[in-house]
Amino acid sequence: MAELILKEESYKVVGICMNIHSVLGMGLKEVNYKDAMEMDFVEAGIPFEREKKFSVRYKNKVLYNPYYADFLVFDSMIVEVKSVSSLTDAHMAQALSYLAVSGMKLALLINFGERSLISKRIVL
């Protein structure tokens with residue numbers, strides 16, 4: 001069986017998100033959950049950048065409009081936050097696009113909009 005990449009780091013992030021979900025519940029705005037995540041990342045000493053900007057290249061040129069991932073954590077994984085009734089293929093595609101433009105190998109897609117926290121590992 002293949003070893004999970006960034007296993008411990010992703011467990012820490014998902015654990016923080018589970019705690020946030022248990023305290024705040026479901027259905028708030030994405031920004032509320034991101035604010036709570038930022039507070040908890042600082043408290044846990046987890047290195048992160050919020051609204052991390054990634055350039056998009058086409059024919060060796062940088063396009064005008066970059067991508068902004070919700071979080072880059074541990075300088076090695078994208079965390080994309082949602083607060084929707086259920087995740088869709090479009091959300092998965094968005095996470096894959098972030099991986100493609102960032103050069104990262106792992107994205108965590110986190111949904112606070114359901115009764116239980118939903119987290120998906122997206123690996124490129």
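A crossing of two helices is left-handed if the near helix is turned anticlockwise from the far one by less than a right angle, and right-handed if clockwise. In this predicted model, local features need pLDDT of at least 70 and side-chain atom pairs count only at pLDDT 80 or more, whereas totals for chains, interfaces and linings use all residues. Residues are numbered from 1 along each chain as its sequence is written, and side-chain values use heavy atoms, with hydrogens and water left out.

Helix α1 (residues 7-24) passes α2 in a right-handed crossing; helices are DSSP runs of H or I with at least four residues, numbered from the N terminus. The two axes, lines fitted to C-alpha atoms over the stretch in contact, come within 10 Å and cross at roughly 130°. The helices are therefore oblique to each other, a class left over after roughly parallel (under 35 degrees), roughly antiparallel (over 145) and roughly perpendicular (65 to 115), with angles from 0 to 180 degrees between N-to-C directions. Contact (heavy atoms within 4.5 Å) involves residues including Ile 16 and Ile 20 of α1 and Met 37 and Phe 41 of α2.

Ser 102 belongs to helix α3 (residues 89-102). With a relative accessible area of 15%, Ser 102 is buried (under 20%; exposed is over 50% and partly exposed in between, with a 1.4 Å probe and protein chains only). The side chain of Ser 102 reaches the backbone oxygen of Tyr 98 at 2.8 Å. Beyond residues up to four places away in sequence, Ser 102 touches Phe 54 and Ile 78.

Pro 47 occupies the loop between α2 (30-44) and β1 (48-54) and is partly exposed, at 44% relative accessibility.

Terms used: Helices (H or I, at least four residues) and strands (E, at least two) are DSSP runs, numbered from the N terminus. A polar contact is a pair of N or O atoms within 3.5 Å; within protein, one must be able to donate a hydrogen and the other to accept it, and residues adjacent in sequence count only if both atoms are side-chain atoms.
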